[in-house]
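Here are my notes on the model you sent.

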Amino acid sequence: MVRDLSTDFCGLKLKNPVIPASGTFGFGLEMADSFDLNILGGISLKGTTLEPRFGNPTPRIAECEGGLLNAVGLQNPGVNALVSEKVPALRKLYHGCIIANISGFAVEEYREACRIAGACEGIDIIELNISCPNVHGGGMAFGTDPRAAAEVTAAVRTVTRKPLVVKLSPNVSDIVAIARACEDAGADGLCLVNTFLGMRIDIKTRKPVLANRTGGLSGPAIFPVALRMVNQVAHACSVPVMGCGGVSSANDVIEMMMAGARAVQVGSENLRNPFACREIAETLPQLMEQLGIEKLSDIVGCV
Amino acid sequence: MPSISKIRLEILSNLPVTHNCFRLELGGDGLPDFAPGQFVQLEVPGKYLRRPLSVHDADNERIVLIYKTVGEGTALLSQMVPGQALELLAPLGHGFTANACKDRTLLLGGGLGSAPLYLLARKLIAAGKQVNAVLCFNTAADVVLQDEYRALGVEPVIVTLDGSMGIKGMVTDAPLPEHDFFYTCGPLPMMRAVCKTLDTPGEASMEERMGCGAGFCYGCTIQTAGGPARVCADGPVFRKEDLLW
């Protein structure tokens, strides 16, 4: 039997729900010569800001049990390079859903970057990143307060008709309140979760391992928490949800969809296995067969 | 970007070469061609991230990596035995530009930086170039690869920081043979001294804490004359004039 892996997300038809998460797959081109990217349902590009950014000093990476911390700090070439170079180059090779992840430090900056990205033909979805924990005075500051989250969502909503998906931070006491605020402010979808704020210390030097002191925790360690949050938000909101956080196998994708996700992002796993998303997409039909699932979209939110 | 493979290889040997360095030889099918200075991301069972290790030597059937036990990951690696399998990603990064050298080259290695320079020496000699090597170590007990360089017909000048073997001091304290191009790999202070001291053109292989090793995560970025560069994907080898010390 032919298994149907397709999923609808904000009116777009994705061939499968598997999407490399922002920051874990560059601008999509790094693996273009190693495998055919068209097996991926979508690709979320590296977080981009209005102006180019160098990001944080190194070390930016710290390993831990079941994952890693990163404090890259939104290194990117700026939104103009995104729309004039990165997206057109990827679009030549890739026919699936291209997601531009946009971050910023002020409402006006978010709005201008989203206006520029929104005018780019090759971009299918704008992912509004209000959850980066590794920059000061922006990013996550917008994602931890319902009023600020609503303000930036509403501001961006006025400059693009493209599907607007807000990427939420898990570093909050009530993620449902933030999710509802974004939905009410005009978000077409939600993506959760970004990384958890964490830290490691080098016991020999008595200093933080990361130059930024703290960083975002990702990897299998966060999967159960991300799953719980996806489940809560998917049942509380009516817009579609992309599940993200510690997903590393086809099994995890099924769990995320059962929890309520219509599409699933794979993050850290790409960093240790750049073929992870292809392997997951290839494994899904077998797992569906074992579980008696004909149509993947049938299981969305069954739990 | 060049094509990357994920390959599973068998451990042929994993033996100490000094008090804290091991020589790991892996064999199997599907090994790609390696340019000197390229590296692999090696799986370490029980650790989340792979470990980036530069290629010391390689052919179609085997690959040799030399590593120092610096933390938990490399300590675990040192306990692995022949017959066990390890997965790696390869080839990664941009290696040395071997044809940048016209006739006479100088290799300047610091510690295990001497390992990737060995494969370069082998390729340069095969291309008919004259190769001289100056290798610097902390102390006599850390000296590695002297015999392997000799087997290529290169008598390396040994320098130790404490003077316990060869010339005492830094690599730049040795009388440096005439050359038209140099290649260096070692600790950053050593490479900085080399690049600032020598007025000849050259290349240096940089090191930085990595996440993915394949250009995705932007974890290992350094600032260069050409703008921000990922050590893993845009390097690890950079031209002297591109490096900002």
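**Notes on the interface and a surface patch**

1. E30(A) and R230(B) form a salt bridge, with 3.0 Å between the closest N and O atoms. Keep in mind that this is a predicted model. Three salt bridges are found across the interface of chain B and chain A.

2. Between chain B and chain A, 15 residue pairs are in polar contact, both residues at pLDDT 80 or more. On the side of chain B that touches chain A, the elements giving two or more residues are β1 (5-16), β13 (221-224) and β14 (227-230) of chain B. β13(B) gives the most, with three residues. By type, that side of chain B divides into 14 nonpolar, seven polar and seven charged residues.

3. Now the extent of the interface. Interface size is often given as the accessible area lost when the parts come together. Here, chain B and chain A bury about 2700 Å² between them. Carbon and sulfur atoms give 57% of that area. In chain B, the residues that lose the most area to chain A are Y48(B), F216(B) and Y218(B). Together they make up 35% of what the chain B side buries.

4. The contact takes 36 residues from chain A and 28 residues from chain B.

5. One surface feature of chain A also deserves a look. M199(A), I201(A) and I203(A) make a nonpolar surface patch of about 340 Å². Of these residues, I201(A) lies in strand β12 of chain A, residues 201-202.

Definitions and conventions
Residues are numbered from 1 along each chain as its sequence is written. Chains are lettered from A and ligands numbered from 1 in the order in which they are written. This is a predicted model: local features need pLDDT of at least 70, side-chain atom pairs count only at pLDDT 80 or more; totals for chains, interfaces and linings use all residues. Side-chain values use heavy atoms; hydrogens and water are left out. Patches are made of residues with over 30% relative accessible area and no salt bridge: like charges are joined within 9 Å, nonpolar side chains (Val, Leu, Ile, Met, Phe, Trp, Tyr) within 5 Å. Accessible areas come from the Shrake-Rupley method with a 1.4 Å probe; for residues, only the protein chains shown count as cover. A salt bridge is a side-chain nitrogen of Lys or Arg within 4 Å of a carboxyl oxygen of Asp or Glu. Helices (H or I, at least four residues) and strands (E, at least two) are DSSP runs, numbered from the N terminus. Contact means heavy atoms within 4.5 Å. Buried area is the accessible area (1.4 Å probe) that two parts lose on being put together, summed over both. A polar contact is a pair of N or O atoms within 3.5 Å; within protein, one must be able to donate a hydrogen and the other to accept it, and residues adjacent in sequence count only if both atoms are side-chain atoms. Ala, Val, Leu, Ile, Met, Phe, Trp, Tyr, Cys and Pro count as nonpolar, Asp, Glu, Lys and Arg as charged, and the others, Gly among them, as polar.
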